[in-house]
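Take a first walk through this structure.

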Amino acid sequence: MSERVYQWTAASIVLLITILSLVPLWYVINGSLVNEQEWMEKGGFILWPEKPTLMAYERLLAGTAFTQALFVSMIRTVLGTALTLSMTTILAYAVSRKSLPGRKALLFAVLVTILFGGGLIPSYLVVRDLQMLNTIWALIIPSMVDSWSVLVLKQFFENLPEEMEESAKIDGAGEGRLMWAIMIPMAAPAMAAIGLFTAVGHWNSWFDSLIYIDNAQLHPLQLLIRNMFTNASLSVQQNLGQASYAMNAHNRVSIETLKMALVVFGTIPILCVYPFLQKHFTKGMYLGAVKG
Amino acid sequence: MKHTQPKLIIRIRRFWFLYLLIAPILIYYGVMRYYPMFLQFVLAFKKYNLLGGVWGSEWVGWDNFTYIFAKDEFYQVLSNTVIISLLRLLFGFFPPIILAILLYDLQSRFIRRVSQTILYIPHFFSWVVMYGLIFALFSNTGLINQIIQQFGGDVQNFLMAPEWFRPLIVSSAIWKEIGWGTIIYMAGLTMIDSTLYDAAKIDGAGPLKRIWHITLPGIRHVMVFLLTLSLGGVLSAGGEQILLFYNPATYSVGDIIDTYVYRQGLNELQYSMATAVSLFQSAIGLVLILVANAVSKRTVGTGIW
């Protein structure tokens, strides 16, 4: 095979895979933009909406079930990320201090939790016994510190130039000032990366709310979407704005369109932070951690 | 000259505020990580009593384990787990490698940039969103069935049919992770000595020869590392995804250890039995990952730690 043929083949395969990875999202976005009339006419085969309408999104935003779920998702993402980021940073800094007595034991304790977990039932029982069921804390506390991120950030702290530490000491800075005023600000890029990944994780998680939250008013968006697809229970669908039933199919959206709009909502924050995420992972910071 | 450490007590006093700061974190690790770990050893050897709780329940020795090992259901779940894991490995291992090599070799920087940007996106979608996308494509009213009908075919019940379950699970996971999976290989590829490529050019080696003799050997260590890592995780077959995709019609081919523990434990309230199953899974998993790490270290010198 000549280099030219190879280049053409490679480019076609890469482009084909790229297009394939866009098709489902493309289809769902377009499907979320049509009224029931167009949906029925085309039998759901929508590759380009003729009369695009945001009706499905208006319906969703008008229903309390959706706005509540959106609110819960936002709260858990903001609170959870703030807490996880601060706790992870503190622990990572502590285990990066070579002269800290007990450092080895701490590091070992963190490593063990990566290899061995508590399992589903015991974790559930602990959350239950701490009276956290049906509270937002059940979605935030169990994942408060991520042991992997601790190791990533520890590595980052250790790679900071030692002269910084020494010159701070010469200037008479104590351990406290060294941490707050010098080391943590320098770790800001790594912290930003961990914060972004944590936020994405929070926004995307649904299983914890499935097991810890019975109260539907406290369900995050991902669980609402899941219930919409798997339970197909009428009550969920009615809550999502179908109750206001219009006679004319031009002024209605099909339930399929509503579902697609929900899925799109589930991806919007991800697509918004994606450019920032990409900046961090292409730098290869997460790879450094994998390779140790 | 040997560097002398100050006395321990002085060092501890120097770090007092750091100890204060990590105190809540230590409590967290104790309560939310280590206590459940300990609890699972207790629970697996007791018969959980809803009224008495863990500590008011009776010790039953290995009864929970003999009970599950005597059940056909357990072997069905175990074999589903292993089969699905191996299918994921068999079909999912090579696509990111091929894609990474093609991307790396592309002379058009524009195509590479654009493709890379798009290819990583699905990795960040939740499995719930993924199920939404799959539903839109494969449900009875979905895009694929619309196309089948246009060509005069019959509607295929993709989401309820046992024969479609595993292909759907495996291919949707490949679709989601193929781009993300290239990252680690791209990092490996950039570390290959570029003089090797120049030498190959002078020798007149074509692209295929170049890939076979330089590129693939250059990323061999990454391949072996990831392969052993996945073999170590063979009992975790992606519970989060399957919990969304499966339904009673597909339990026979899709029920894996994670989903079985969830249903038996939290739906049927069989806490002890479910904990015994998950302890079995963790114990085997731990052994496998330790062996995998040792193998990877010995063969290519790269381990997890």
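Domain bounds here come from an automatic or database domain assignment. On that basis, chain B has domain 1 (8-63) and domain 2 (68-300). The C-alpha centres of domain 1 of chain B and domain 2 of chain B lie 34 Å apart. Nine residues from domain 1 of chain B and eight residues from domain 2 of chain B make the contact. Contact means heavy atoms within 4.5 Å.

A word on the basis. This is a predicted model, in which local features need pLDDT of at least 70, side-chain atom pairs count only at pLDDT 80 or more, and totals for chains, interfaces and linings use all residues. Residues are numbered from 1 along each chain as its sequence is written, chains are lettered from A and ligands numbered from 1 in the order in which they are written, and side-chain values use heavy atoms, with hydrogens and water left out.

Back to the two domains. Domain 1 of chain B and domain 2 of chain B bury about 700 Å² between them, and carbon and sulfur atoms give 69% of it. Buried area is the accessible area (1.4 Å probe) that two parts lose on being put together, summed over both. A salt bridge is a side-chain nitrogen of Lys or Arg within 4 Å of a carboxyl oxygen of Asp or Glu.

Now look at where chain A meets chain B. The contact takes 93 residues from chain A and 92 residues from chain B. The two chains bury about 8100 Å², 77% of it on carbon and sulfur atoms. On the chain A side, Tyr6(A), Phe116(A) and Ile121(A) lose the most area to chain B, together 9% of what that side buries.

Two salt bridges join chain A and chain B. Glu175(A) forms a salt bridge with Arg14(B), with the closest N and O atoms 2.8 Å apart. Helix α1 (residues 3-31) of chain A gives the most to the side of chain A that touches chain B, with 17 residues. Helices are DSSP runs (H or I, at least four residues), strands are runs of E (at least two), and both are numbered from the N terminus.

Finally, the record. UniProt, in an unreviewed entry, places "transmembrane region" at several stretches of chain A, including residues 69-93 and 105-124. UniProt positions are given in the numbering used here, feature names are shortened, and annotations may be inferred rather than shown by experiment. Residues 69-93 of chain A are 100% helix and 0% strand, with end C-alpha atoms 35 Å apart. Residues 105-124 of chain A are 80% helix and 0% strand, and their end C-alpha atoms are 27 Å apart.
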